[in-house]
Amino acid sequence: MLVGYSSSSEEESEAATDRNKSFSRKCQEEDGGNKASPVRKKPKIEEQVAKTRLPVPGCLLAMFPDEVSSQTEESSLHGGRFRSFKHERGNWATYVYLPYHPEEEFGELLEELLSAAGAHGAVWTPQEEFHLSLSQTVVLRHHWIQPFNQSLRAGLVHCKRFVCSAGRLRVYCNAERTRTFLGMEVCTGHAQLLDLAQAVDRTMKEFSLETFYKEPSFHVSLAWCVGDSTGQMEECIQEMQSLIDDHEEGPFLLRLDCVELRCSTGNKTFRFPLEP
């Protein structure tokens with residue numbers, strides 16, 4: 001069968017050659033019999049098409065913004081806030097904290113405080129959730145998440161539950177001076193909080209991450225505004241403190257039941273119950 005297939009191919013090749021010769025003669029007759037016909041030039045229309053470049057659609061340009069426009073867009077989508085570090089695929093922003101579940105009277109007091117602060121020009125936004133931080137925000141690689149939390153759990157195994165309270169207003173500003181925070185500083189339970197922070201620091205050191213502040217001011221952040229407003233807040237902080245001290249049922253104390261430590265890593269939350 002191989003021989004037959006080869007023979008058939010040769011016949012088809014010869015027939016194709018004859019057809020090509022016939023077609024070539026016909027073209028020469030149509031060109032006036034000129035055997036040395038010059039190479040045909042590209043039509044001008046083809047040249048114009050080749051040179052024309054259509055503009056890139058805006059929707060595609062938006063898919064690949066430069067770094068500056070990316071930061072601007074991110075800021076507009078998050079109320080003027082900027083990241084403390086550039087987002088990279090595989091990096092997970094991580095921090096450790098104690099959650100605070102506010103009671104009803106806290107919400108009413110917070111409205112009064114922000115109204116007083118707003119009278120001095122800054123626009124304040126209440127926190128979406130309330131907590132007391134026990135670490136700085138650090139970056140974890142994805143493959144570190146599990147061993148990091150295992151180390152954290154082992155370091156907290158002997159830590160006991162306790163109660164702390166906060167009642168003094170303080171103003172904080174981040175290192176980049178891009179956001180100002182209104183917080184309520186802890187007045188009881190400082191020693192126990194320091195023990196927890198030191199346990200968290202041991203895990204941070206194990207992974208060569210930044211530890212907590214040397215002299216931490218443990219507090220619950222209440223609200224934030226864009227930029228550095230510490231100067232403006234100095235003018236009204238005493239007025240706002242009087243709203244807390246002269247509360248209708250006596251000085252208001254924010255009570256924090258420290259029964260569970262949490263670690264937020266990207267969109268994941270790990271829980272570490274403390275010993276009864």
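Reader: In which loop does E176 lie?

Author: This is a predicted model, in which local features need pLDDT of at least 70, side-chain atom pairs count only at pLDDT 80 or more, and totals for chains, interfaces and linings use all residues. Residues are numbered from 1 along each chain as its sequence is written, and side-chain values use heavy atoms, with hydrogens and water left out. Helices (H or I, at least four residues) and strands (E, at least two) are DSSP runs, numbered from the N terminus. On that basis, E176 belongs to the loop between β5 (162–173) and β6 (179–188).

Reader: Why does E176 count as partly exposed?

Author: Buried means under 20% relative accessible area, exposed over 50%, and partly exposed in between, with a 1.4 Å probe and protein chains only. E176 counts as partly exposed because its relative accessibility is 42%.

Reader: What distance separates the C-alpha atoms of E176 and D228?

Author: Along the chain, E176 and D228 are 52 residues apart. Their C-alpha atoms are separated by 9.2 Å.

Reader: What is the phi of R177?

Author: R177 is also found in the loop between β5 and β6, and it counts as partly exposed because its relative accessibility is 43%. Although R177 is not a glycine, its phi is positive, at about 60 degrees.

Reader: Is S208 buried or exposed?

Author: S208 is found in the loop between α7 (190–206) and β7 (219–226). Its phi is near 55 degrees, a positive value in a residue other than glycine. The relative accessibility of S208 is 68%, so S208 counts as exposed.

Reader: How are α5 and α8 oriented to each other?

Author: Helix α5 (residues 104–118) and helix α8 (residues 230–245) pack with their axes 9 Å apart, at an angle of about 155 degrees. Axes are lines fitted to C-alpha atoms, for helices over the stretch in contact, and angles run from 0 to 180 degrees between N-to-C directions. Angles under 35 degrees count as roughly parallel, over 145 as roughly antiparallel, 65 to 115 as roughly perpendicular and the rest as oblique. The orientation of α5 and α8 is therefore roughly antiparallel.

Reader: Which residues of α8 make the contact with α5?

Author: Contact means heavy atoms within 4.5 Å. From α5, the contact involves L109, E112, L113, A116 and A117. The residues of α8 are M233, C236, E239, M240, L243 and I244.

Reader: How many helices and strands does the protein chain have?

Author: Of the 276 residues in the protein chain, 34% are buried. The secondary structure of the chain comes to 8 helices and 10 strands.
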